[in-house]
Amino acid sequence: MQTVPSFTPIAGEPFALSDDLTLVLAPNPSPMTYLGTNTYLLGKKTLAVIDPGPDSEPHLDALLRAIAGRPVSHIFVTHSHLDHSPLAAKLAAKTAAPVLAFGDSAAGRSAVMQELADLGTVGGGEGIDTGFQPDVFLADGATVTGDWGALQALHTPGHIGNHLCLRWGDRIFTGDHVMGWASSLVSPPDGDLTAFMASCRRLQGIPVAIYYPGHGAPISDPAGRLEWLITHRDGRTAQIMAALETGPATAAAITKAVYTDVAPALLPAAERNVLAHLIDLCVQGVAQATPAISATATFALTD
């Protein structure tokens, strides 16, 4: 089993996680990104890069210093949010490495979320890299090999439809699907709670030693973290259903009732999560929206 070191990265400075894995922290800390985005360099002589990060010249310079002239064979992007994917094109231009991902920012949506996206009634679109286009489509289950080993793509939609986790032996790079410092934002129509929970349960069937998330420290108890994440979401669903048992309500009203311990600045993100839960309940037939599913609809439990 790999050892997880004390997690004390400094933005722009290479931080060794093992002899064949280095993290370079991007300089983009925030309430939504924690310390910043984790960019991973796999290998020793020839490298693969996972999640180049935001469009930041200082971060690009830091990556090139850490790469130190070594060949880069592949650039992998777990998903196309603005804190993960925009630097991929510039890094590819510097290294001549192809960019691999599940697809553009609309890829991987369920039929329900595609319909909602087409209608434009649920809002969303926060932090999306709308111009992202990978050079190579990385299908679910596909394996890419190099001097740094083998990475297997696991399509894990939920946080966004094109989200991938990447299995590397007994380790998985989990992007923003599983993080140790917080649960992920799920904001429809890009985020999909029904898919998110299915992806969590899929990962439960793939036991590994360590998760390397897109933000925060390595997770040395993947099974425990997944169990927490599923329990947390199930608990939130129960809270929302309890709120609906008192009568029909909007996502905004339910958010105020349920998220009583959240800083006011984070309430808009919390409301997006509540909307995701409400849409999931509608998909399951447990709730219904009037006049139809939207960001401002009134939701009620079905009879």
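Leaving aside its neighbours within four places in sequence, which residues is histidine 177 in contact with?

**View 1. Histidine 177 and the residues around it.**
In this predicted model, histidine 177 is in contact with Thr156, Pro157, His163, Cys165, Ser184, Phe196, Ser199, Cys200, Leu203 and Leu229, its neighbours within four places in sequence being left aside. Contact means heavy atoms within 4.5 Å. Histidine 177 sits in the loop between β11 and α4. Histidine 177 counts as buried because its relative accessibility is 0%; buried means under 20% relative accessible area, exposed over 50%, and partly exposed in between, with a 1.4 Å probe and protein chains only.

The model is predicted, and local features need pLDDT of at least 70, side-chain atom pairs count only at pLDDT 80 or more, while totals for chains, interfaces and linings use all residues. Residues are numbered from 1 along each chain as its sequence is written, and side-chain values use heavy atoms, with hydrogens and water left out.

**View 2. The whole protein.**
The protein has seven helices and 15 strands. Helices (H or I, at least four residues) and strands (E, at least two) are DSSP runs, numbered from the N terminus. Along the principal axes, the C-alpha atoms fill a box of roughly 65 × 35 × 35 Å. The radius of gyration is 19 Å, which agrees with the value near 19 Å for a compact globule of 303 residues. This radius is taken over C-alpha atoms, and the globule rule is 2.2 Å times the number of residues to the power 0.38. Of the 303 residues, 54% count as buried. Among contacts with a separation of 6 or more, 64% come from residues 24 or more positions apart.

**View 3. The largest nonpolar core.**
A nonpolar core is a set of buried Ala, Val, Leu, Ile, Met, Phe, Trp, Tyr and Cys residues joined through side-chain atoms within 4.5 Å. The largest one has 26 residues, and those with the most contacts inside it are Tyr40, Leu42, Phe76, Leu151 and Phe173. Two or more residues each come from β1 (15-18), β2 (21-25), β3 (38-42), β4 (47-50), β9 (149-155), β10 (164-168) and β12 (210-213). Another core, of 22 residues, lies apart from it and includes Ile254, Leu281, Cys282 and Ala297.

**View 4. Phenylalanine 173.**
Phenylalanine 173 is one of the residues with the most contacts inside the largest core. With residues up to four places away in sequence not counted, phenylalanine 173 touches Leu21, Tyr40, Leu42, Ile50, Leu151, Leu164, Cys165, Leu166, Trp168 and Tyr212.

**View 5. Two cis peptide bonds.**
Proline 188 and proline 189 are joined by a cis peptide bond, with omega about 0°. Proline 189 belongs to the loop between β11 (171-175) and α4 (193-204). Threonine 290 and proline 291 are also joined by a cis peptide bond, again with omega about 0°. Proline 291 is in the loop between β14 (287-290) and β15 (298-301).

**View 6. Two alanines with positive phi.**
Alanine 68 is not a glycine, yet its phi is positive, about 55°. Alanine 68 is in the loop between α1 (57-67) and β5 (72-76), and it counts as exposed because its relative accessibility is 56%. Alanine 96 also has a positive phi, near 65°. The place of alanine 96 is the loop between α2 (87-95) and β6 (99-101). At 71% relative accessibility, alanine 96 counts as exposed.
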